[in-house]
Amino acid sequence: MSDTIAAIATPQLPSAIGILRLSGPDTLAVLERVFRAKNGRPMGAQPRRAMVYGDLLDGQGRLIDNVLCVLFPGPGSYTGEDCAEIHCHGSPVVLNEGLSALFAAGARQAKGGEFTQRAFLNGRMDLIQAEAVVDLIDAETAEAARNAVGQLSGSLSRTVDAIYGDLMAIVSRFYAVVDYPDEDIEEDTREQMLDTMRRAVNRLTELRATFSRGQLLKTGVPAVILGKPNAGKSSLLNALLGYDRAIVTDVAGTTRDTVEEKVRVGQVLLRLIDTAGIHETDDAVERQGVERSRAAAERSSLALLVLDGSAPLTDEDEAVIAVAKSVPNLLVVVNKSDLPRRIDVGRLADRFDNVVSVSALTGEGIDTLTDAIAALYPAGAEAPGELLTNARQADAVSRALTAVESARSALRIGMTPDVVLTDAEAALAALGELNGKSVREDLVDTIFSRFCVGK
């Protein structure tokens with residue numbers, strides 16, 4: 001990290017403001033070459049962490065833009081080293097010209113996530129907090145954003161650090177026993193260790209259980225819309241989205257492939273998949289669409305089973321019902337409430353827990369449907385930031401849990417200290433991967449490669 005990096009930190013679209021970022025030991029020297037303050041003082045003589053008005057200049061000293069510049073000296077900066085931001089007008093041309101000027105002045109192009117990676121390597125945040133940065137950027141619901149900012153603020157890190165500290169104390173005690181065989185673990189101390197491990201097992205079990213909810217919060221609930229041809233599946237998709245995404249006609253079989261869109265329902269993000277009507281057909285294209293519908297159902301957490309309320313149930317409906325029942329959560333949507341009803345809703349209510357009548361055409365009942373969906377995915381009891389949101393975190397917690405359980409079992413049955421020590425150290429290693437205390441360099445590079453340039 002001996003070089004100075006620069007990047008455009010805002011999207012390259014016309015906007016009111018665009019930001020150029022710098023970080024590294026030569027940040028001030030680079031600024032001195034490209035920025036000229038209106039008050040006539042060099043940037044080194046300007047107050048720190050204060051906006052300074054001036055001109056951004058190219059390599060030939062020509063004016064690029066009137067800008068605001070701020071310097072954040074390390075180690076109290078985002079990256080832990082000298083940093084700066086230049087706030088320009090949000091023209092992509094201006095931003096690219098400014099970035100070229102920074103390169104000409106001695107900076108190099110930052111790689112994806114390199115600013116946050118430097119923050120991690122300089123101890124400004126741990127790996128959990130660093131991953132929360134990209135979760136916060138990508139958040140598509142307020143609840144997802146709250147969980148991400150909770151992680152960024154250290155909520156999950158504090159829990160992991162507490163478990164890590166307790167296990168480290170046990171490991172230290174066992175090292176003393178291994179190194180000095182005459183030492184022994186008194187019964188009271190042994191019981192305290194067992195109790196500490198029990199608490200660690202309980203907390204790690206609770207953490208691991210949050211992963212499924214964290215995944216749904218982050219990526220959305222995969223929800224498939226199922227029904228026979230012309231039941232109104234595409235009309236329901238359009239009604240939930242609030243615009244015409246799928247083609248709707250009176251001709252059965254209009255939808256021959258899956259159509260996927262995201263929509264927020266209360267605090268729930270749905271990944272809605274409209275499917276081809278499930279039915280027997282000799283048409284090769286339609287048959288492929290039906291198979292894709294079945295495959296979509298297998299991948300989904302929620303099925304919206306659309307039935308035509310203006311017609312009695314048919315064998316085709318029953319075939320779709322059989323597919324929908326395989327999905328973990330099922331909500332029956334009786335469509336076409338604007339037409340005379342011929343379906344027996346009472347019998348449906350006897351068969352299914354959740355039945356809602358709607359008219360996808362007029363919008364009647366859509367609010368009731370969204371309320372029913374939201375009720376299936378209520379907010380959890382966890383405080384913001386306590387949900388595991390990616391497979392790497394869940395895997396590390398699972399390995400730590402297995403190791404702690406093994407260490408506790410070994411201690412309980414009186415195994416030799418080195419056996420307990422081996423399992424306890426394995427738990428520490430897994431937790432170290434989780435928060436970054438002991439993580440491979442290649443894994444760090446992989447994690448930060450997911451970040452956008454400029455962050």
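These legends walk through several close-up views of a predicted model.

**View 1. Helix α14 is a run of 22 residues.**
Let's start with helix α14, which covers residues 391-412. From first C-alpha to last, α14 reaches 31 Å, close to the 32 Å expected at 1.5 Å a residue. At the start of the helix, look for Asn390: one of its side-chain oxygens comes to within 3.1 Å of the backbone nitrogen of Arg392. Just after the helix, Gly414 has a positive phi of about 85°. The buried residues of α14 include Ala396, Val397, Ala400, Leu401 and Val404.

An α-helix has 3.6 residues a turn, so residues three or four places apart point the same way. Arg399 is partly exposed at 33% relative accessibility, and Asp395 is partly exposed at 40%.

**View 2. Glu131 and Arg392 link distant parts of the chain.**
Their salt bridge brings the closest N and O atoms to 2.9 Å apart. Glu131 sits in helix α4 (residues 127-138) and Arg392 in helix α14, 261 residues apart.

**View 3. Lys38 and Asp55 form a salt bridge.**
The closest N and O atoms of this pair are 3.1 Å apart. Lys38 lies in the loop between β3 and β4, while Asp55 is in strand β4, so the pair ties together parts 17 residues apart in sequence. Lys38 is partly exposed at 47% relative accessibility, whereas Asp55 is buried at 7%. Asp55 also has a bridge partner in β5, namely Asn66.

**View 4. Strand β4 belongs to an open sheet of 7 strands.**
Follow the strands in the order β3-β4-β5-β6-β2-β1-β7, with mixed pairing. The edge strands, β3 and β7, each pair on one side only. β4 and β5 pair in the antiparallel sense over 6 bridges. Tyr53 is found in β4, and together with Met51 and Leu68 it forms a nonpolar patch on the surface, with about 280 Å² of accessible area.

**View 5. Strands β9 and β10 form a hairpin.**
These antiparallel strands are joined by 7 bridges. The strands have 2 residues between them, and Gly266 in the turn takes a positive phi of about 60°.

Methods:
Residues are numbered from 1 along each chain as its sequence is written. This is a predicted model: local features need pLDDT of at least 70, side-chain atom pairs count only at pLDDT 80 or more; totals for chains, interfaces and linings use all residues. Side-chain values use heavy atoms; hydrogens and water are left out. Helices (H or I, at least four residues) and strands (E, at least two) are DSSP runs, numbered from the N terminus. The expected span of a helix is 1.5 Å times one less than its number of residues. Buried means under 20% relative accessible area, exposed over 50%, partly exposed in between (1.4 Å probe, protein chains only). A polar contact is a pair of N or O atoms within 3.5 Å; within protein, one must be able to donate a hydrogen and the other to accept it, and residues adjacent in sequence count only if both atoms are side-chain atoms. Patches are made of residues with over 30% relative accessible area and no salt bridge: like charges are joined within 9 Å, nonpolar side chains (Val, Leu, Ile, Met, Phe, Trp, Tyr) within 5 Å. Accessible areas come from the Shrake-Rupley method with a 1.4 Å probe; for residues, only the protein chains shown count as cover. A salt bridge is a side-chain nitrogen of Lys or Arg within 4 Å of a carboxyl oxygen of Asp or Glu. Two strands pair if DSSP finds at least two bridges between them.
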